[in-house]
Amino acid sequence: MVLRRKLAIVDLSKEKVTVQDVPNSLRKALFGGRGMNVYYLYKMLGDNVDPLSPDNILIFGTGLMTGTLAPCSGRFNTTSKSPESGFLADTNCGGYFAPELKYAGFERLIIKGKAKKPVILHVTDNNIEIKDAKDYWGQTTNEAQKRIRQDLGPVEMVLCGPAGENLVRFACVRTGVKNAGGRTGLGCVMGSKNLKAVAAYGTQGLQVAHPDRMIQKVEELKNYLMSSKITPILGSVGTLLLYEVSNAFGGIRTKNSTLNAWRDDHNAAFAEPFIEKMIACQACPVHCRHRNVFGGEGPEYTTLVLLGANIGMEKYEEIIKLGNLVNDLGLDVSSTGTYLAWAIDLYQQGKLDKKLTDGEELRWGDYEQAVRIINKIARREGFGNILAEGNRAAAKLGDPNKDYLIAVKDIPQSDPHDVRYMKAFALGIATASRGADHLRSRPTLEIFFKLPLEVKERIYGKGVTADPTSYDGKALVVTWSERIFATIDCLEMCKFICHGFNSPHFVDYSWMKELVYCVTGWEMSEAEVSEVGRRTVDLERLFNFKQGMTEAHDTLPRRYFDDPSPLRAARGHHIDRQKFAKMKAEFYALHGWTEDGRVPEERRMELEAIQ
Amino acid sequence: MKYLYTYPEKCTGCKLCALACSLKHFGECNPKMGAINIVRDEFERYEIQFVCLQCDDAECVRVCTKKALRKEGNVVIRDEKKCIRCRMCVVACPYAGVHSFKGKIIKCDTCGGDPLCVKFCSTGALKWEEESMEITERRKRLASALLKR
Ligand code: SF4
Ligand code: SF4
Ligand code: SF4
């Protein structure tokens, strides 16, 4: 049964594994995934814990739908306290690992302590063994996974690369060739615990409450998803689709946001010669993953821009190769591309001394140089050792106030969008629970300029506007998006098929309600389903404020306020501080938070009482 | 005669076919229990479907000492009652079309001529086709590939 999967707590210091049942009341309140992860983190993490100390905890959590027939349900969240920001670390990732963990009998692993020497966790049916990792330590993510499979058979893995082992603050966790829990430095947390990998293989299928109905409903849902105009596009070019639309109006982060548009020949169509096949994560009919001809996967839109336009790269194939390298080393693409661009910009401004850069003159668009520096970051050599500290390198790099770093809450912006034109995007990245993040709330529909106002009103409610540059009604759009994306993250289905993410259709609360019924037999209303997302967002807020966050952290990179965009339709647009503050106040009010952005006491007590 | 044809070059590895098959036949979501099995390796860069070909002169039928397998029309049917789970068919099938998992012999029965897996495949990597159509399709693709040279 889906509802019999266990929670395992692994204490690496004591080499002890404890297995627990999970109460269904908790599952009903948070569904799993992102929501239950932050619930445990909030409850279990002590005060003032150094993210790199053994006291930090690391959580891998699957969701209610993971491993079932539900479409795009091969996902899990990884959660901890971030070594990059000191606030919430949380990522959502696809692939095949999460279902395998569940087939082995576990829905969630909570890792505490620190192993004396490098280890891996080998998860098989109802069993977790701590094994020596000496044969894998030091290997890239691809090498290590191949070796582990040779040794353990057909396991699926989540692991860190050399970047994580070397405690690069923005190292990612990876499964497979490219799927990453990218943001907030979770690979660094793995490295700090001497944990190279978790490898799982399980034989236990998931019985669902209503099998026949599930087959019928999922077939219906699959056909509905496939009948949309956007699905075949996502299935043939993936996220690259977004480049053309955004570049056209001037919404592409270029050369550390000194510019806001880049080459038109970076449009998706130009990727085609480099793509061998499109592949999928488990249970996904969309198949948005590119297998490229250079031995890796991708590029994603984030790779195309953050390792492309943002560092001035001209050639498509070189961008793809940089993506492959960053993936193999276990670095986060968005942070790597943002920090590189920051350093080049500072060098060009004369703020950075050549003595620090190992004698390199930092240049836009120098492929060989980018390869050298990326390798040095992952291995913490020379200049790479400075950049490996991420935002903490600010003073050394000559930008002590981080005036030129495109980051919020010390986490570089994930999204390639220059948000100066799109006010809803700006509010979203300013208030996200994990730094400058688009996946918490990105109202992609705002980019579809031709979408009629009625359609927007039907989705977000009255009060929205059709104009992306207006500040009015954006709080509504962001709050609505944030909640539904949080809910689907708790179910662990992909945002790509979430209502409002890429399409004004797709999986809405009514579909979620149906799937929850098929899998668990619970009869929930749409409002009850949406409450799961709201609880998750509030719990993340509570966690962050407990770690010292304040209202002042909900802000934007200085450049977005002070330096207007220079190019295309976005020319002259920037974020007005006062209007931004008003938009933020509306956003807090819609959440029921206090004027200084806090979750009210009563709500805190209500959430703490969940069990 | 219609058969289930697989096109590995179109397979994305998603396993929706195997999940649907296992849910229908065993009441659980378990891609390892699908009569169709997806073997994928993203490091070696392949995705391939394994499923029974419903041979006319089938090895599995020949080696079954209990006569639990027999060809009926376009399907090789397995009789659960006669089967003693010796796994001889699993060993003998040259195409890895039948497998055993957790004590069960798992083999495609074409869902009685209405294959569920095909309905869950979003890429046309699985098709329930007339044998003549299938070969016509493959020939066409070969011809166009040759013309490109
Ligand atoms: S199980 Fe193997 S031998 Fe038997 S009919 Fe199928 S493919 Fe042929
Ligand atoms: S036709 Fe039916 S039994 Fe055969 S593999 Fe497909 S779903 Fe399974
Ligand atoms: S459903 Fe189609 S694409 Fe997916 S694994 Fe099966 S054959 Fe391959």
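# Exercises on a predicted two-chain model

The loop between α12 (333-348) and α13 (367-379) of chain A holds Trp364(A); helices (H or I, at least four residues) and strands (E, at least two) are DSSP runs, numbered from the N terminus. The model is predicted, with local features needing pLDDT of at least 70 and side-chain atom pairs counting only at pLDDT 80 or more, while totals for chains, interfaces and linings use all residues. Residues are numbered from 1 along each chain as its sequence is written, chains are lettered from A and ligands numbered from 1 in the order in which they are written, and side-chain values use heavy atoms, with hydrogens and water left out.

## Exercise 1

Determine the accessibility class of Trp364(A) and list what it touches.

Step 1. Buried means under 20% relative accessible area, exposed over 50%, and partly exposed in between (1.4 Å probe, protein chains only). Trp364(A) has 21% relative accessibility, so it counts as partly exposed.

Step 2. Contact means heavy atoms within 4.5 Å. Not counting residues up to four places away in sequence, Trp364(A) touches Lys255(A), Asn256(A), Asn310(A), Ile311(A), Gly312(A), Ala341(A), Ile344(A), Asp345(A) and Gln348(A).

Step 3. For Asn310(A), the separation from Trp364(A) is 54 residues in sequence and 8.7 Å in space, C-alpha to C-alpha.

## Exercise 2

Describe the largest nonpolar core and the surroundings of Phe31(A).

Step 1. A nonpolar core is a set of buried Ala, Val, Leu, Ile, Met, Phe, Trp, Tyr and Cys residues joined through side-chain atoms within 4.5 Å. The largest one has 64 residues, and Phe31(A), Leu69(A), Met214(A) and Met512(A) have the most contacts inside it.

Step 2. Two or more residues of this core come from each of α7 (211-226), α8 (230-237), α16 (453-460), α17 (474-491), α18 (509-520) and α19 (526-546) of chain A, and from α1 (16-26) and α4 (116-120) of chain B.

Step 3. Leaving aside neighbours within four places in sequence, the contacts of Phe31(A) include Leu26(A), Met36(A), Leu64(A), Leu491(A), Val516(A) and Trp522(A).

Step 4. Apart from this core lies another, of 59 residues, among them Tyr339(A), Leu340(A), Ile377(A) and Leu387(A).

## Exercise 3

Check the length of helix α2 (residues 33-44) of chain A and decide how enclosed it is.

Step 1. The expected span of a helix is 1.5 Å times one less than its number of residues. For the 12 residues of α2(A) this should give 16 Å, and the end C-alpha atoms are 16 Å apart, which agrees.

Step 2. In α2(A), 10 of the 12 residues are buried, so the helix is largely enclosed by the rest of the structure. Among the buried residues are Arg34(A), Asn37(A), Tyr39(A), Tyr40(A) and Tyr42(A).

## Exercise 4

Find the pairing partners of strand β1 (residues 6-11) of chain A.

Step 1. Two strands pair if DSSP finds at least two bridges between them. β1(A) is joined by six bridges to strand β6 (residues 106-112) of chain A, and the two run parallel. Ala8(A) has Leu109(A) as its bridge partner in β6(A).

Step 2. Five bridges link β1(A) with strand β2 (residues 16-20) of chain A, and this pair runs antiparallel. Here Val10(A) is bridged to Val17(A).

Step 3. β1(A) and β2(A) make a hairpin with four residues between them, and Glu15(A) in the turn has a positive phi of about 55 degrees.

Step 4. Five of the six residues of β1(A) are buried, so the strand is largely enclosed by the rest of the structure.

## Exercise 5

State how β7 (residues 98-101) and β8 (residues 104-107) of chain B are arranged.

Step 1. The two strands run antiparallel and are joined by four bridges. Phe101(B) stands opposite Lys104(B).

Step 2. The hairpin has two residues between β7(B) and β8(B), with Lys102(B) in the turn at a positive phi of about 45 degrees.

## Exercise 6

Step 1. A residue is near a molecule if one of its heavy atoms lies within 4 Å of it. Those around ligand 1 include Cys52(B), Cys55(B), Cys60(B), Cys93(B), Glu59(B) and Val98(B).

Step 2. Ala, Val, Leu, Ile, Met, Phe, Trp, Tyr, Cys and Pro count as nonpolar, Asp, Glu, Lys and Arg as charged, and the others, Gly among them, as polar. The shell around ligand 1 has nine nonpolar, one polar and one charged residues.
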